[in-house]
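This briefing is intended for reading alongside the sequence and the coordinates. It is arranged by topic.

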Amino acid sequence: MALSIATPIALVAQSPIAPPQVAPPAARAWAAIRESDLKRDLYAMASPEMRGREGGTLDEMRASIWVAEQYARLGLKPMGEGGTWFQWFNLVRTRVSSTASTASIGGTALPIFGDIVPISVVPLEASGDVLWLADAADTTVDVRGRIVATPVVTPPPAMVRTTSYPTRVRYAEAAIAASLRTLERRGPVAVLLVASDSVDAAFDAVSVQRARGLYDVDHATPRAAGLSDRVAPLPVAGSGPVPAFLVRAALQATLRQQPNATLSIRLERFEAPSVNVIGGIRGTDPTLRDEWVLYSSHQDANGVRLLESGDSVLAGADDNASVSVAEFAAARAMVAQRPKRSVLFVHPGSEERGLLGSRYHSAHPVVPLSQVVAVLNGDMIGRNNPDTAALLGAQPPHRSSAELVQWALAANARTGKFVVDTLWDRPSHPEGWFFRSDHLPYARLGVPSLMYTTNLHPDYHTAGDIPERIDYPKLLRMARWMYLTGWYAANAPKRPAVDPGFKLER
Ligand SMILES: [Zn+2]
């Protein structure tokens, strides 16, 4: 399916865009940002050998060590725990146990995540005759207390997400959601959704997704306003959503006979280590060096999944090796010419599992957050139209600092000269892009924060996000833009002011 990428609209500056009173970087600093370095680093970080750097796996750790090596070579100071490059934290995973759970229909055992895919992460003990519901929308049938089987409905087009994962998976997920929308409220004990032919085509891919379960991290900043910083207790039977299952289309004939079904679903919870990589450059000014500019680029991607068009590694070249290598480039420039304030280079782990690394670091910062003057985060900066880019956090209610936005726009006018898209920063944008990267936890805590991005594309979160598809001249301009914004923030006489009354809409 084609992506609809709206025509960008240039940001209209309220006044002529002026940088802060800061001398421009020296030629030797500019010379340290090179397209050839960006390209070499990106091919290494998004290579098949990195196996998609999935958070909480050995693949992420391999990438983390590689990232730390880049900074060690540049002579940065390790800023993690105990004089290392690393800040460790534990992911908390909750998932349906494929070994302790069982399901049988008409006396035949179905392998969990093989022929029956639990959609919800809730425990269940249920047994009884299946009630066949030919149409999920038929409200004349009383489904209370029953194990209901019904064919998945065709989802309305608006429910099919436009980005993330291959089209057939997005279609299948939308069909599942549409089928459950009203059924869930009618009191069944469990719902068996029978795949249509198109959903069946995505069955194994949906299974791989769903088997992963839920991810969280303890003692982090809350995922959203009003939530606790603690991991939610393990769900007990009957406490969560109605247990729903996807079964293969071939099971339809059996289920129409309304056979007996027995479903015993157990959950398992365990921890797995993930890691933020953090290096720093100390500033030159005896007073200002106690303040920090924080660059951020998640190091993880989405690992190895189901084989799609001959590849199973979700290499994450744009997402997010592109920003990571731009961050290395900014570090090279700042080693060549140190700014007045200090600079922290953070590569959060497990961003793809729910901004886990940045939520952890913002709760346990390696330097006081009150001393962080700006967060410059990036996510995917190497694709789409060569002349456009987006700056999120540039307009209310996402704007935390009008001053920092002005500096970023001034830096753009002197580097990438991009037409700055404003649509993706709007609260009405369906992708909610502002809420999907690592600047968010810092913004929630009132730290001036920006996100640089060239937005989504059809290869997002697929095996097609590979180094060959990156626009390197564009990436170079984005890297220069991020660097110069950081240079301004690190040398400005005064730190950027937080907008009075700054409050996110959710
Ligand atoms: Zn990303």
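The points below treat a metal site, a helix and a loop residue. The model is predicted, so that local features require pLDDT of at least 70 and side-chain atom pairs count only at pLDDT 80 or more, while totals for chains, interfaces and linings use all residues. Residues are numbered from 1 along each chain as its sequence is written, and side-chain values use heavy atoms, with hydrogens and water left out.

**Zinc site**
- The zinc ion has His298 (NE2), Asp319 (OD), Asp379 (OD) and Asp379 (OD) as its protein donors, at 1.9 to 2.7 Å; donors are N, O and S atoms within 2.8 Å of the metal (3.2 Å for Na, K and Ca), and because water is not among the atoms, sites may look incomplete.
- The donor residues follow the spacing H-x20-D-x59-D in sequence.
- Aspartate 319, in helix α8 (residues 317-336), and aspartate 379, in the loop between β17 (372-378) and β18 (388-392), are 60 residues apart and link distant parts of the chain; helices (H or I, at least four residues) and strands (E, at least two) are DSSP runs, numbered from the N terminus.

**Helix α2**
- Buried residues in helix α2 (residues 35-45) are Asp37, Leu38, Asp41, Leu42 and Met45.
- These residues lie on the same side of α2 because they cover an arc of only 125 degrees around the axis, taken from the directions from the helix axis to the C-beta atoms.

**Aspartate 229**
- Aspartate 229 is found in the loop between β9 (214-217) and β10 (244-247).
- Its relative accessible area of 33% makes aspartate 229 partly exposed.

Technical notes: Buried < 20%, exposed > 50% of the residue type's maximum accessible area, 1.4 Å probe, protein only.
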